[in-house]
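Open the model in your viewer and keep the selection tool ready. Each stop below says what to select and what is there.

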Amino acid sequence: MENQQKLIHTFGALAELGYEVAHKRNFQEMIRTSLHLLLGSLAIMRGGVARYSRFGHELNMLVMRGLGEDFPLSLSLCYEDERQFLTNGLAPIEVAQAKVLPFFQIYDRSFEKKRIDLLLPLVIRDEIVGVIMLGEKANGESYSAYDKDIICAMARHIGVGIAQRNLTAELERRAEENRKLYDDLRHTYKDTVKAFATAIDCKDKYTEGHSVRVGKYSEIIAHELGFDENEIEGVAVAGYLHDVGKLTVERNIINSPVRINAKESAELNKHPAVGYEILLPIHHPYTDVPLAAKYHHERLDGRGYPDGLHDREIPYVAKIVNLADSFDAMTTDRPYKRRRPVNEVIEDLQRNSGKQFAPELVTAFFRGMLKELTGETKDKRFRKLLGREYMEAEGIVPMLKDALNGMSPTSSLTLVSLD
Ligand SMILES: [Fe+2]
């Protein structure tokens, strides 16, 4: 009868233990509860659970009950101990019978003082994950075979809990490592892209910094459109690299101080297609980078080049880069033309919205500009790229507001079927 009650009690404890192992998020708490359940269900006075560190070859106490402050918190295992524990497996070792092992010789005094009777190596899938130490039973009796069975069953749960925790920790470590590697790669990619942009810009002495600025304007537009972080970065990269095809165009054509002739113009106009060829074999973390290079001179009305595409045939990123590119061309000095004042530029973008530029992109761009001028955003992106005086010209804020009020967010062309 007494045995049966004990059995029921133990099964209850076991069920709870299983629940603990499966559900407790806090590992330390799980081990503490497990030890208390184990000690409580068999009326054991003292005990402790240690986790094994494979690297340090030591047992580190996770929880202790009734062992006092002078009990060692860390216990070393030598090779011989490890081997013996592994051979022993998950079964109780009577401390009194195991004195031949170095481990028990070293810690003999501590064990004796606290009357540690049983030691249970937590061997899970042929690996030591920890050890449970148990003191004497409250009634002074020695451990029965039945007690030992129960201890083993409960110890297995605790051992699996520790093994799972080790696995999770290892996975987290690897995930962190992976993340760092990925970040490194990403940085390398960004640096390479910027180096490339600088190289492209070097070739053209009159438009110094053009690619870098187009990258930044493209980024502003994407940001205003509510793109996510990755997409914004992709659009910026497309801007940085859009003119990469110019690397193959003769320097004297690019740097011509006067307007170039038709033949030279035809040569220059090959740069989008060449850029596409250059960028296509590169594996970009973002799509459409090569397409943006190929189609950044297309216009919504079909009067662009190289393919004379119409509105919806033009990749979206190419439309963004086109706007950024044109904006930079208008706002920087060229050999045969001074830059135009900002009010003229705004008028031009407005007038050509729906013809050259996608209206929703122009409004996004204006919105970004307005936010900066009214202080809604603290970024001074436009002012940094264009100079404070230029951007803060009289009447720009009302002009932008008017433009935004008067513009339809979609172009009439987007409503026309092209089939
Ligand atoms: Fe271009």
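**Before you start.** This is a predicted model, in which local features need pLDDT of at least 70, side-chain atom pairs count only at pLDDT 80 or more, and totals for chains, interfaces and linings use all residues. Residues are numbered from 1 along each chain as its sequence is written, and side-chain values use heavy atoms, with hydrogens and water left out.

**Stop 1: the iron ion.** Select the iron ion with Asp243 (OD), His271 (NE2), His296 (NE2) and His297 (NE2). These are its protein donors, at 2.2 to 2.4 Å. Donors are N, O and S atoms within 2.8 Å of the metal (3.2 Å for Na, K and Ca); water is not among the atoms, so sites may look incomplete. Along the chain the donors are spaced D-x27-H-x24-H-H. His271 sits in helix H11 (271–279) and His297 in the loop between helix H12 (289–295) and helix H13 (316–331), so this pair ties together parts 26 residues apart in sequence. Helices are DSSP runs of H or I, at least four residues, numbered from the N terminus.

Now colour His271 by accessibility. It is buried, at 2% relative accessibility. Buried means under 20% relative accessible area, exposed over 50%, partly exposed in between (1.4 Å probe, protein chains only).

**Stop 2: His242.** Go to the loop between helix H8 (229–241) and helix H9 (251–254). His242 is buried there, at 0% relative accessibility. Which backbone oxygen does its side chain reach? That of Gly239, at 2.6 Å. Show the side chain of His210 too: a polar contact of 3.3 Å joins it to that of His242. A polar contact is a pair of N or O atoms within 3.5 Å; within protein, one must be able to donate a hydrogen and the other to accept it, and residues adjacent in sequence count only if both atoms are side-chain atoms.

**Stop 3: cysteines.** Select Cys78, which is partly exposed at 32%. Then take Cys202, exposed at 55%. The whole structure holds zero disulfides (cysteine sulfur pairs within 2.5 Å).

**Stop 4: the cores.** A nonpolar core is a set of buried Ala, Val, Leu, Ile, Met, Phe, Trp, Tyr and Cys residues joined through side-chain atoms within 4.5 Å. In the largest, of 40 residues, select Phe327, Leu349, Phe365 and Phe382, which touch the most other members. Helix H15 (359–373) is among the contributing helices. H15 gives the most, eight residues. End at a second, separate core of 29 residues, including Leu37 and Ile151.

Terms used
Helix = DSSP H or I, 4+ residues; strand = E, 2+ residues; numbered from the N terminus.
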